[in-house]
Amino acid sequence: MQVMSTPQRWFQTFNNVLMILLALICVIPLLHVVAISLSSTEAVMANRVTFFPINITFNSYMKALENPVFLPAIWISIQRTVLSLVLGLMINCMAAYVLSKGSGRDGIAGYNLFVGLFVVAMLFNGGLIPTYLLVTKIGLYNSIWALVLPGLVNVFYLVLIMNFFKALPKEIEESAFMDGANHWQVFFNMFLPLSLPVLATVGLFMVVNDWNEWFAGSIYMRGDNVPLSTLLKSLIAVPVVDASNVNDIAKINNRSIRAAQVLIGAIPILLIYPVLQKFFTAGIVIGAVKE
């Protein structure tokens, strides 16, 4: 057992305290939102709710789900996230597989050109107005593909996957070629199964980004055909309570409904993240370091 010196113990203690404070900074706002969403109207309006609910009630969740556009917005976000995840992983993985071969004897022609194009695309883009004109001119406006296709290729994800592929032993690939396999078989049967950590990491990035991104929905979609994040942004900016009688007004208020809506929107990510957490660190470390 290694004995730490006094400076090392102080440094370890400082790190532990710092991590605890950072964790509290992340958790405390979430606890406050949960407490407001579950508290009674009287407690919320009196500003008595901090981190624990007072007079627990689910009226805010019921009222949030009664919004006729809320559940359709969730469905649109699910479609967008699933399509972006499946297509994005496939396209980025195929590009990463090709670029991982380099420019040598077993590489691809024009390797430096392709890498340069990807680097330029990572640093610069066409701009908001040209992108909007392109999306509308090719008929994607107000369709789910307007939320999926423009951000399908991400150079940061591509580089992570490419470096992970480069770190895989070349002997595995060479043995497969000796047995008669082609590149498609090597890619699907060997590289993808071995790349689960980086795929889970990149997939988590994609899910969080597509689920929370609201700006594309506000410019490419119209009416009630918007994803959940865009709907939440508009509801929080201009809250509306549809209370048809005095009893509804007494049971609900804007703050509790907004808290319930935000929490419902965060639940899918809160459920997915712990499942993929075990792959997260390994995928980032291996994919970010070039061999």
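## The overall picture

Of the 291 residues in this protein, 34% are buried. Keep in mind that we're looking at a predicted model. On the secondary-structure side, there are 15 helices and 0 strands.

The chain also reaches across its own sequence quite a bit: among contacts with a separation of 6 or more, 72% are between residues 24 or more positions apart.

## Helix H11, wrapped up

Helix H11 covers residues 196-212. Its 17 residues stretch 24 Å from first C-alpha to last, close to the 24 Å you'd expect at 1.5 Å a residue.

How many of the 17 residues of H11 are buried? The count is 12, so the helix is largely enclosed by the rest of the structure. The buried set runs through Pro197, Val198, Leu199, Ala200, Thr201, Val202, Gly203 and Leu204, then picks up Met206, Val207, Asp210 and Trp211.

## Two partners for H11

Since angles over 145 degrees count as roughly antiparallel, that's the label H8 gets relative to H11. H8 brings Phe156, Tyr157, Leu160, Ile161 and Phe164 to the contact, while H11 answers with Pro197, Val198, Val202, Phe205, Met206 and Asn209. Sorted by type, that's 10 nonpolar residues, 1 polar and no charged.

Then there's H10 (residues 183-194), whose axis comes within 5 Å of that of H11, with a crossing of roughly 70 degrees. This makes H10 roughly perpendicular to H11. The contact is made by Leu192, Pro193 and Leu194 from H10, plus Leu196, Pro197 and Leu199 from H11. Here the tally is 6 nonpolar, no polar and no charged.

Pro197 turns up in both places: it's part of the contact with H8 and also of the contact with H10.

## A look at Tyr132

Over in helix H6 (residues 128-137) sits Tyr132. Is Tyr132 buried, partly exposed or exposed? Its relative accessibility is 32%, so Tyr132 counts as partly exposed.

Setting aside neighbours within four places in sequence, Tyr132 is in contact with Tyr141, Ile219 and Tyr220. Along the chain, Tyr132 and Ala216 are 84 residues apart, yet their C-alpha atoms are separated by 9.5 Å.

Key. Residues numbered from 1 in each chain as written. Predicted model: local features only at pLDDT ≥ 70, side-chain atom pairs only at ≥ 80, totals over all residues. Heavy atoms only, no water. Helix = DSSP H or I, 4+ residues; strand = E, 2+ residues; numbered from the N terminus. Buried < 20%, exposed > 50% of the residue type's maximum accessible area, 1.4 Å probe, protein only. Contact = heavy atoms within 4.5 Å. Axes fitted to C-alpha atoms, helices over the stretch in contact; angles between N-to-C directions. Parallel < 35°, antiparallel > 145°, perpendicular 65-115°, else oblique. Nonpolar A, V, L, I, M, F, W, Y, C, P; charged D, E, K, R; others polar. Expected span 1.5 Å × (residues − 1).
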